[in-house]
Amino acid sequence: MRPEIERLVEEIKQSVGLLRRHLDVDTATARLAELNNLAEDPNLWNDPQKAQKLMQERTSLENQLGGIGRTERELEDQIGMIELGEAENDEAVVLEAENALKALKKDVARQELEALLSGEADRFDTYLEVHAGAGGTESQDWASMLLRMYTRWAERKGFKIEYLEETQGEEAGIKSATIQISGHNAYGWLKTEAGVHRLVRISPYDSNARRHTSFSSIAIFPVVDNSIKIDINESDVRVDTMRSGGAGGQHVNKTESAVRLTHIPTGVAVVCQAGRSQHKNRAQAWDMLRARLYEIELKKREEQAAADQAAKTDIGWGHQIRSYVLQPYQMVKDLRTGVQTSDTSGVLDGDLDEFMAATLAQKAFGTAPGQIEDVD
């Protein structure tokens, strides 16, 4: 085969190998057989929630195993066509098979992205918290820029956005904000964004036009559904009520019904002020608290306790996951994967998929940046 075709074949084989290791094909096949047996139990639907979860798992495994199998068969078929075309000196057959391999490579890239979003909670909606770091107005303005960046990302995806809490800065920007983003795999994508984000720019608030470095943090936790049971002792939770104070208008209603819940054993605190009634805000706050505690437990099970809530880390030097440099040059660089771009305006306008995909790939496969290419 020609060198370029050999490279293409090798790239597909490497991608399939990554998929097989990530899925653990032997274990997945055994689990699918077990699920198929359970699906035949006439008593399965006596518990609709359990049955639905089981069927979702079965469908997911069928799709993943089926996709790997189809890819391997298609790869062998096209290699055979190329060898036949070369033996008969039929360039048309070789070209047709080469084009089929290119299409197969794109299909494998889609499978890789799906594999990256196969975690226990990835399918859930998500809460996103923004917290300004030390630095007053500079960091508070940066926090508002980050909030806009993620709302623009969500809008690009067609996701629903709900503002739950927003605390304004004294002069500009925000001290903190909490939003709920609802859409397919919202948590799976956004969980990669938890951490400290660093901004370098010429400050618009400095009359001497000096360069400033600002920090703000992002915390991400899933909106758990009724199939996830999180038991919380009410005696472990301190309830505080306060007057809502936010942007007003379409974002936050200015009422005297805001609720803060603090889980004393862990120190986790949540605030909700979106509703007009204290009853609604209290219910929403309890949902948020359960989600936060579930996310902590989820990280323990995934052996990621070291990547604890971004809001609990120092929001400053040495803790950032990404740097955004606007002056003296234009560059956004992820410090975990090395992915970078000079299109700072695009990133701040919500173009984040390249960064998210690279981080997911690194966690799932341990691959270098760029292993998974963009898929149309």
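Before the sheets, a working rule: I count two strands as paired if DSSP finds at least two bridges between them. I am reading a predicted model.

**Entry 1: the eight-stranded sheet**

I traced an open sheet of eight strands with mixed pairing. I wrote its order down as β2-β3-β1-β5-β4-β9-β10-β11. I then looked for the edges and found β2 (160-168) and β11 (340-341), each pairing on one side only.

Next I looked up helix α5, residues 137-157, which packs on this sheet. I listed its contacts as β1 (125-132), β2, β3 (174-182), β4, β5 (211-223) and β9. The direction of α5 makes about 45 degrees with that of β5.

I also checked one pair of strands inside the sheet. Strand β4 (residues 195-202) and strand β9 (residues 320-325) run parallel and are joined by five bridges. V196 stands opposite Q320 in β9.

I found a further helix, α9 (residues 353-365), lying across β9, β10 (331-334) and β11. Helix α9 runs at about 20 degrees to β10.

**Entry 2: S139**

I picked S139, which sits in helix α5. Is S139 buried or exposed? Its relative accessible area is 1%, and the cut-off for buried is under 20%, so S139 counts as buried. I set aside neighbours within four places in sequence and listed what S139 still contacts: A132, G133, A134, S214, F215 and S216.

**Entry 3: the three-stranded sheet**

I traced another open sheet, with three strands in the order β6-β7-β8 and antiparallel pairing. β6 (237-242) and β8 (268-272) are at its edges. Each has a single partner strand, so one side of each has no neighbour in the sheet. Direction ignored, neighbouring strands here are turned by 15 degrees against each other on average.

The bridge partner of R238 in β7 is T262.

How many cavities of 30 Å³ or more does the structure hold? I found one. The largest cavity has a volume of about 30 Å³. I listed its lining as E162, L164, C272, A274, G275, K280, N281 and Q284. The elements giving two or more residues to that lining are β2 and α7 (278-301). The largest share, three residues, comes from α7. I sorted the lining by type and got three nonpolar, three polar and two charged residues.

Terms used:
Residues numbered from 1 in each chain as written. Predicted model: local features only at pLDDT ≥ 70, side-chain atom pairs only at ≥ 80, totals over all residues. Heavy atoms only, no water. Helix = DSSP H or I, 4+ residues; strand = E, 2+ residues; numbered from the N terminus. Contact = heavy atoms within 4.5 Å. Axes fitted to C-alpha atoms, helices over the stretch in contact; angles between N-to-C directions. Buried < 20%, exposed > 50% of the residue type's maximum accessible area, 1.4 Å probe, protein only. 1 Å grid on protein atoms, 1.4 Å probe; cavity = no way out; pocket = protein on both sides within 12 Å on 5 of 7 lines; lining within 4 Å. Points joined across faces, edges and corners; volume = space filled by probe spheres on them. Nonpolar A, V, L, I, M, F, W, Y, C, P; charged D, E, K, R; others polar.
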